[in-house]
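Hi,

Here is the structure I promised to pass on. My notes on it follow below.

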Amino acid sequence: MTVNWAQVFFNSAITGSLYLIGAVGLTLIYGLSRFPNFAHAEFIALGAYIGYSVAEQAGLGLPLALVVAFLITGIVGVLCYRGIFQPLAKRGASIIHLMVASIALGFVLRHSIGAVCTWKPLYFTAIGSAFDFGPLRITHLWLWLIFAALVLSLTMHCLLMYTKIGKAIRATSSNPELALASGINVDRVIWITWFIGAGLAAIAGIFLGADTAVVPLTGWNIILPIFAVAILGGIGNFYGAIAAAFIIGLVENLGVVGLVALGLSTTYRIGIAFLILIITLIIKPQGLAMLFRRA
Amino acid sequence: MGASLYILDLVVYIGIFGIVALSLNLEFGFTGLANFGKVAFFLIGAYTYALLSQMGVPFYLCLITGASLAAIFGLLVSLPALRLRADYLAIAVLAFGEILRLIVKSEKWLAGGDWGTPVNPIFPYTGSYIIYRLENIGLVFLCLIICFLVVQLLANSPYGRVLRAIREDEVAAEALGKSKAKYKAQVFMLGSAMAGLAGGLYAQYLQYVLPGMFMPMVTFTVWIMVLLGGPANNWGALLGAALVQIFARGTNIAKDYIALPIDLNDLQYILFGVLIILMLLFRPQGLLKESTIKTKALKLVRNGRRAIKNKGSQ
């Protein structure tokens with residue numbers, strides 16, 4: 001069997017871009033609110049459904065779908081924080097209580113989506129046609145996805161490094177007490193991060209849904225690699241997440257080649273993320289964060 | 001006839017999930033471990049039972065092997081994460097459960113893949129479902145009582161007080177020379193073994209296993225039982241198991257009489273989710289509060305205090 005290596009690397013870039021967009025919100029919220037928000041998966045699914053209704057049912061196209069899904073899901077994220085997680089944290093809930101609450105929220109959101117939109121998978125119509133570029137098979141959606149990941153990286157970089165709110169996010173993430181003492185409005189920082197994080201999850205959801213299918217489990221299906229990205233990259237660390245997303249994208253696609261060569265089912269590709277997660281926990285639980293001290 | 005069968009079925013379920021709730025209570029309630037992959041160990045017990053029983057292994061060996069395998073896997077999965085914060089353990093074990101379900105789903109030669117595999121029951125069918133269920137109730141409640149006694153005795157022993165100390169303040173417990181990783185690993189093994197036992201009982205009662213029975217929702221249901229009944233209270237865990245099962249059955253019956261605009265399955269999950277969030281917000285200690293520690297020394301102190309009070313009032 002010959003392996004089309006160019007395609008493997010291109011696919012790695014696509015997978016990495018998707019994981020990056022999906023995981024940035026998770027890792028930033030994780031770093032600020034100090035618990036893993038399992039309902040992040042449902043923000044992804046919610047985004048996919050909003051994107052579907054705007055792009056397909058209303059026929060307004062992908063760019064508008066991205067914007068609308070970002071805004072609505074972002075608002076849902078803020079409401080969840082204000083309505084559930086902030087009151088819980090104020091009552092002194094432990095990290096376990098916060099995690100359980102996020103799983104409970106996930107079930108409420110997922111099954112609300114299921115109840116409203118039914119569990120039948122929905123499919124986006126293909127955007128443009130697939131074409132060949134040398135040995136590569138490329139779709140327009142994939143180019144959009146890589147473009148979106150690039151824009152996201154640049155925007156987030158500028159936001160975190162050069163704006164007041166970005167600096168406040170980094171300060172609060174590394175030391176909330178000190179940030180509060182220096183006059184940063186920590187509450188505002190946290191809800192803005194929830195807005196951005198949930199919104200970005202929605203964008204990942206649209207790309208994932210358009211590439212495969214839109215189902216209420218859309219988000220849950222990639223929760224493993226996304227958590228692996230957040231942990232490998234170092235919790236709350238944006239630059240670590242970029243590196244981790246592409247590392248996991250690459251390893252996963254190489255792993256698929258290996259699985260095919262071994263004659264195993266390719267559904268195990270999700271197991272590769274799990275392996276990376278466990279290895280990170282054993283060797284370096286703080287992830288790649290030490291490579292990116294400034295962030 | 002139909003109603004009594006239904007109630008007997010409910011009692012079997014309460015017994016099986018009571019065991020799982022007790023095991024989570026030991027891990028989360030007493031020790032503060034966030035096991036988000038309970039279903040993984042439940043699955044190991046069930047599939048071990050199924051595969052061994054097909055080979056003609058006697059049922060008690062199937063149950064014991066299932067529980068031991070669950071314990072071993074519990075140790076292996078938790079070891080990397082036990083040194084770290086609670087959230088790492090939660091993510092690692094949750095992921096483990098998903099992977100395990102993926103394996104039994106994809107490996108068709110192992111246990112039939114998606115379609116699952118039949119399981120040999122312990123009690124042969126003798127013409128009456130009532131007798132079959134009564135026999136199962138006997139077995140399940142025997143296991144439940146054993147597990148309850150084990151957890152109850154552990155919780156009220158010096159060992160259990162160390163567990164509570166670790167839950168309240170890891171650093172203080174370590175400073176007193178109690179290795180938190182050692183205790184946590186032991187508790188995680190014991191909890192997983194109990195879940196494995198329950199899984200075996202579940203498989204043999206239903207007489208089949210398939211991957212769809214081991215969705216993450218199972219873990220979450222057990223969490224609802226413990227949080228509702230009252231963490232660190234074994235009676236609470238049992239109460240929670242009973243209430244959640246009755247509630248789930250109740251909504252199932254209600255659907256025959258009330259026309260609902262939405263799918264019942266979805267409604268049930270939404271209600272469970274809302275219930276959990278409300279419990280966490282307004283009554284995190286659950287319905288039954290954590291019972292106070294009973295020791296001889298404490299009893300002496302209390303009696304002494306009462307004696308002094310009585311003297312003062314005379």
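Start inside chain B. Helix 1 of chain B and helix 9 of chain B are roughly antiparallel to each other, because angles over 145 degrees count as such. The angle here is about 170 degrees, and the two axes lie 8 Å apart. Helix 1 covers residues 2–30 of chain B, and helix 9 covers residues 180–206.

Keep in mind that this is a predicted model. The mean pLDDT of chain B is 86. In chain B, 99% of the residues reach 70 or more. For the complex, the predictor gives an ipTM of 0.86 and a pTM of 0.88.

Back to the helix pair. On the helix 1 side, the contact residues include B:Val12, B:Ile16, B:Ile19 and B:Glu27. On the helix 9 side, they include B:Phe188, B:Gly191, B:Met194 and B:Tyr205. By class, the residues of this contact divide into 17 nonpolar, 2 polar and 1 charged.

Now the interface. 34 residues of chain A are in contact with 33 residues of chain B. Four helices of chain A each supply at least two residues of the side that touches chain B: helix 3 (62–90), helix 4 (95–117), helix 9 (223–232) and helix 11 (269–283). Helix 4 of chain A gives the most, with 15 residues. Which classes make up that side of chain A? It has 27 nonpolar and 7 polar residues, and no charged ones.

Best wishes

Definitions and conventions:
Residues are numbered from 1 along each chain as its sequence is written. Chains are lettered from A and ligands numbered from 1 in the order in which they are written. This is a predicted model: local features need pLDDT of at least 70, side-chain atom pairs count only at pLDDT 80 or more; totals for chains, interfaces and linings use all residues. Two residues are in contact if their C-beta atoms, placed from the backbone, lie within 7 Å. Ala, Val, Leu, Ile, Met, Phe, Trp, Tyr, Cys and Pro count as nonpolar, Asp, Glu, Lys and Arg as charged, and the others, Gly among them, as polar. Axes are lines fitted to C-alpha atoms, for helices over the stretch in contact, and angles run from 0 to 180 degrees between N-to-C directions. Angles under 35 degrees count as roughly parallel, over 145 as roughly antiparallel, 65 to 115 as roughly perpendicular and the rest as oblique. pLDDT is the predictor's confidence in each residue, from 0 to 100.
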